[in-house]
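I ask you to look first at the sequence and the structure, and then to follow me through the contacts between the parts.

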Amino acid sequence: MAARAVHGIGVPVKRKEDPRFIRGKGTYVDDIKLPGMLVMDIVRSPYAHARIKRIDVSKALAMPGVIDVITGEELAKANLAWMPTLMGDRQMVLPTDRVVYYAQEVAAVIATDRYRAADAVLAVEVEYEPLPPVLNPFDALKPDAPLVRPDREQKSNHIWHWEAGDKEKTDRIFHEAEVVVAQDLYIPRIHVASIETCGCVANYDPVTDKLTIWMTSQAPHAHRTVFSLVTGIPEHKIRIISPDIGGGFGGKVPVYPGYVIATYATLKHKKPIKWIEDRSENLQADSFARDYHIHAELAATRDGKIRGLRVRVVADHGAFDAAANPSRFPAGLFSVCTGSYDMQAAHIQVDGVYTTKPPGGVAYRCSFRVTEAVHTIERMVDILADELGMDPAEIRFKNFVQPHQFPYKSPTGWEYDSGNYPAALQKALETIGYQELRREQAERRARGELMGIGISTFTEIVGAGPSHTFDILGIKMFDSAEIRVHPTGAVIVRIGVQTQGQGHETTFAQIVAEELGIPVEYITVEHGDTDTAPYGLGTYASRSTPTAGAATAVAARKIREKARLIAAHLLEVSPDDLEWKDYAFRVKGAPDRHKTMQEIAFAAYTNFPLGLEPGLEAECYYDPPNLTFPFGAYVCVVDIDRGTGQVKIREFLAVDDCGTIINPMIVEGQIHGGLTMGMAAALLEEIVYDENGTMLTGTFMDYLLPTAVETPHWKTAKTITPSPHHPLGAKGVGESPTIGAPPALVNAVVDALSHLGVRHIDIPITPAKVYRILQEKGVAE
Amino acid sequence: MIPGPVRYRRVRSVDEAVVLLSQLGTDAKVLSGGQSLIPMMKFRLAEPSYLIDINAIPGLDFIEERGGVLCLGALVRESTLERSMLVRQRYPILHDTAEVIADPLVRNLATVGGNLAHGDPANDHPATMLALRAQVVARGPNGERSIPIDDFFVDTFVTALQPDELLTEIRIPVPPPRSGGAYVKFERKVGDYAIAAAGVFLVLDEAGRITQAGIGLTNLSYKPLRAVDAERALLGQYASDELLRYAAELAAQATDPVSDLRGPADYKRAVARTMTLRALRRALERAQANA
Ligand SMILES: Cc1cc2nc3c(=O)[nH]c(=O)nc-3n(C[C@H](O)[C@H](O)[C@H](O)COP(=O)(O)OP(=O)(O)OC[C@H]3O[C@@H](n4cnc5c(N)ncnc54)[C@H](O)[C@@H]3O)c2cc1C
């Protein structure tokens with residue numbers, strides 16, 4: 001065993017989880033099949049806003065194989081017609097009198113198989129009285145707007161107002177500013193569209209009195225606590241298992257009505273209940289992301305020094321405030337929108353508004369509204385450059401927070417841990433040959449061709465906690481790891497976070513391998529089962545490595561400290577005479593006299609010093625002292641087809657800095673995936689409603705996910721600026737590319753058209769949108 | 001996305017299919033590649049009570065030239081068409097078309113016959129077949145008949161096929177010398193139906209004058225469209241870029257698209273012009289190279 005390579009930090013170890021996925025041996029929720037299992041299917045509203053006059057379930061109930069039809073009225077008797085959201089709002093599980101969005105859950109059919117359930121869904125008769133829909137937040141705020149939520153005390157569609165920064169100082173700076181640019185930006189409603197839709201298998205066992213729920217959950221522990229609070233079932237009698245999860249991206253953080261109804265049904269029928277959404281249900285009713293109406297202004301000097309940022313946002317939250325932000329941050333971490341630029345003041349205001357659209361506002365591959373923040377500042381900096389006739393690279397160099405300013409206190413109160421922004425941009429520009437591209441662009445322009453170069457130099461903010469600032473429903477946002485080294489030196493690691501494709505089973509094993517000198521193949525990482533894993537807040541917002549990764553390193557170091565005592569005993573020296581070097585405890589000055597962790601582990605169970613507890617285990621609940629601030633510099637080159645308006649990505653280079661890199665291959669994979677999603681948001685994806693509030697993009701024919709054909713060949717590069725406070729120097733990376741890519745693309749497209757007087761285009765930049773601009777500017781073919 | 005109850009029968013011959021179709025009438029649907037029919041059933045936009053699966057009929061997937069005609073069996077898969085050397089060399093317009101239909105997974109099942117029989121103006125083969133002046137062969141209880149492609153598309157999802165008829169074959173005249181065809185499509189992403197697409201087939205005389213022109217347009221009207229005025233404008237003319245632009249403009253004017261998520265109608269019309277122009281240019285190049 002000892003002769004094997006450790007494959008610790010920095011090694012591109014192949015992912016431990018891949019063999020089972022590649023061979024089709026993953027176990028997703030829909031793969032769970034239990035004896036006697038019944039199937040649930042959901043009746044959904046054809047209206048965005050309507051009063052329910054009558055629900056007649058008799059025809060459905062009479063159909064063969066139909067066991068039950070559950071309505072809101074029945075749930076109300078069990079006090080389950082409503083449930084709390086993670087944002088302190090409440091949300092209908094099933095309605096008793098009205099529906100507030102298209103495809104809202106109206107009733108649930110329980111049947112012996114999925115086909116019968118689907119037929120019975122059509123047989124449930126619901127009589128609606130349509131009410132006027134409210135489809136955008138500006139209409140919703142008008143005094144005569146229909147009330148989306150008459151159940152609330154406050155009789156308006158306004159949910160909350162939230163501010164960050166210094167209003168007075170910012171206003172003063174704007175008042176005195178030499179130059180002010182302003183822009184409206186809309187970041188449309190999009191969907192995470194995980195390949196695995198949401199669902200669960202809920203199984204109440206009356207003999208053990210235990211409720212087990214296999215669930216598509218990014219946060220099984222938090223969900224267990226919520227389930228316990230909602231149902232009154234003691235927490236130790238609930239077990240939530242997240243098996244393999246086919247993509248989360250924030251969409252599997254909220255609790256959906258389906259989970260609750262299935263749980264109610266298993267408690268009622270004492271049989272396992274399976275509920276799996278189909279694709280349209282997933283796209284139509286599950287949590288959306290974004291939907292931010294932004295008005296942004298930058299104040300600057302005439303020579304291009306940014307002095308202040310002022311942003312007003314009207315946020316469309318749909319019918320319930322069911323975002324999944326930390327409690328104190330109804331607008332997430334949007335206030336990081338001063339970005340990578342040093343400025344004197346900023347003031348941010350966000351108003352949350354109800355509309356008759358599905359709830360959400362989830363952090364789609366983005367730690368809580370950072371995509372919106374980065375889009376805002378990266379667009380505004382380009383707009384300022386355009387106003388001043390400056391090169392977009394030059395204006396960035398001029399305004400970057402400089403390396404010596406770290407830790408840097410941002411005007412909205414964040415403390416950026418580390419960074420070297422000029423180095424990242426420099427590297428990007430040199431790698432892609434920026435000056436040469438600018439020359440080429442000038443030549444092409446002279447020939448009437450449209451080519452654009454876009455830059456985005458973003459700062460991310462990931463890894464919530466620390467606990468003094470971050471909690472979800474009061475539960476602090478720490479995370480955990482528990483390590484057991486068995487007598488033969490094989491290891492099991494259990495973590496409080498939950499992988500949905502990020503490669504935790506590999507990365508976390510490498511952390512332990514590095515810290516303990518045990519080859520990575522002898523380390524198993526388990527997660528996702530609340531009966532066995534330590535309590536944690538789950539995986540989203542790029543928080544796993546910053547929190548649970550740190551917990552894993554700290555727990556491993558605790559093991560190492562105990563191992564030192566055992567090694568000293570075995571080598572008959574004082575613990576102080578030992579040093580940890582080349583993956584073993586070695587006697588100082590006599591490195592050949594050493595003990596490996598495997599030898600020590602065996603002794604921990606067979607030959608431990610008197611007075612020392614046997615065994616070799618440790619755990620850590622890690623409360624990070626700060627967030628981590630990954631960053632990057634992206635450059636994108638596009639060509640525009642004047643005959644169709646099509647944007648063709650010729651080249652895209654991403655320079656990322658996520659501090660210490662644990663597995664470079666996984667990091668690169670995360671970057672490729674994130675760039676692809678970011679590209680899709682910029683060019684393809686949008687949830688569209690018609691004037692009745694009917695969703696028009698409820699299939700993959702209309703909700704456009706990219707394929708390999710649309711995806712350019714990503715070029716990646718890196719700089720490494722470790723986090724000073726993380727035990728490994730690591731930061732998160734999973735979301736940087738989703739956040740950094742859209743503005744790079746938009747900046748490139750706008751750059752291609754800037755000589756025609758174009759300053760901004762809202763995403764998604766569809767060919768039709770571009771073509772209209774080409775027509776307006778007289779350059780369409 | 002679960003289809004309603006349906007009965008299913010797999011037939012082994014064209015005759016068996018025709019007999020069943022006449023017995024079952026409009027309650028039955030032919031199941032070919034299933035790539036249009038099954039999605040419609042999953043959305044319950046189609047709820048046939050009977051499916052007659054023709055996939056096991058032997059010998060209905062031929063691609064061969066017979067007596068001056070290219071014969072395509074109804075069960076030729078798009079992927080087979082795409083890979084056929086005969087098609088690639090002699091009928092590049094068909095190769096162009098097969099290549100841009102849906103995605104490889106769909107093409108492995110989708111059939112050329114189904115693509116026409118569905119009567120969907122968004123499908124790509126109708127435009128190609130219009131440009132090529134194909135004939136559609138159908139078999140019914142009273143035997144076989146050949147339908148000129150111009151008479152085949154009646155309305156959205158409605159063709160000249162009778163409920164008791166099976167489409168068995170598509171016949172395309174073998175291309176003469178100095179002829180060339182091309183299909184050019186613009187879509188939002190791969191697998192999408194066209195924002196606009198154009199199929200063009202041109203024949204030149206020895207002097208380089210256009211003696212035959214076929215232009216079919218995809219997803220630009222309630223049914224597959226032939227750009228008759230544009231074709232006429234080309235006839236007897238020497239091909240110049242100006243002429244091609246003029247024809248493309250006429251083709252665009254013939255369209256009647258609807259505004260939807262693919263873009264507003266005027267945008268689609270503009271793309272129709274671009275696609276027609278690009279298809280004309282490519283077809284012309286191929287015709288000139290084919291002297
Ligand atoms: C994701 C996706 C994307 C697609 N994109 C495109 C695209 O870009 N371009 C495009 O052209 N198509 C596209 N299609 C449609 C695909 O090419 C269809 O398969 C094709 O249009 C129909 O062929 P089929 O063999 O699958 O027919 P089926 O779906 O089996 O049948 C379609 C209809 O034709 C009838 N029918 C079929 N064969 C016969 C016959 N021999 N005689 C009488 N009636 C018959 C059926 O009864 C049915 O009404 C797409 C499909 C999918 C699923």
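Let me begin with a term: a polar contact is a pair of N or O atoms within 3.5 Å. Please bear in mind also that this is a predicted model.

With that cut-off, consider the ligand, which lies between chains A and B. A backbone N or O atom of B:Asp192 is 3.2 Å from one of the ligand's oxygen atoms. B:Gln35 likewise places a backbone N or O atom 2.8 Å from an oxygen atom of the ligand. For B:Leu167, a polar backbone atom lies 2.9 Å from a nitrogen atom of the ligand. In total there are 31 residues around the ligand, and those that come nearest are B:Val30, B:Gly33, B:Gly34, B:Thr111 and B:Asp124.

I turn now to the interface between the two chains. Chain A contributes 29 residues to the contact and chain B contributes 25. About 2,200 Å² is buried between them, with carbon and sulfur atoms giving 64% of that area. On the side of chain A, the residues that lose the most area to chain B are A:Thr644, A:Met701 and A:Leu704, together 20% of what that side buries.

How many salt bridges cross the interface of chain A and chain B? There are 3, and one of these joins the side chains of A:Arg772 and B:Asp266 at 3.5 Å, N to O. Helices α4 (114-123), α9 (279-285) and α19 (767-776) of chain A each supply at least two residues of the side that touches chain B. The largest share, 5 residues, comes from α4(A). By class, that side of chain A has 13 nonpolar, 7 polar and 9 charged residues.

Finally, let us look within chain B, which is divided into domain 1 (7-53), domain 2 (63-173) and domain 3 (179-289). The C-alpha centres of domains 1 and 2 of chain B are 18 Å apart. Their contact takes 13 residues from domain 1 and 16 residues from domain 2. The area buried between these two domains is about 1,100 Å², and carbon and sulfur atoms give 72% of it. B:Val14, B:Val18 and B:Gln35 supply 37% of the area that domain 1 buries here, more than any other three residues. Between the two domains, the count is 1 salt bridge. B:Arg139 and B:Asp15 meet through their side chains in a salt bridge of 2.9 Å, N to O.

Definitions and conventions:
Residues numbered from 1 in each chain as written. Chains lettered and ligands numbered in written order. Predicted model: local features only at pLDDT ≥ 70, side-chain atom pairs only at ≥ 80, totals over all residues. Heavy atoms only, no water. Domains from an automatic or database assignment. Contact = heavy atoms within 4.5 Å. Buried area = accessible area lost by both parts, 1.4 Å probe. Salt bridge = Lys/Arg side-chain N within 4 Å of Asp/Glu carboxyl O. Near = heavy atom within 4 Å. Polar contact = N/O pair within 3.5 Å; in protein donor to acceptor, adjacent residues only side chain to side chain. Helix = DSSP H or I, 4+ residues; strand = E, 2+ residues; numbered from the N terminus. Nonpolar A, V, L, I, M, F, W, Y, C, P; charged D, E, K, R; others polar.
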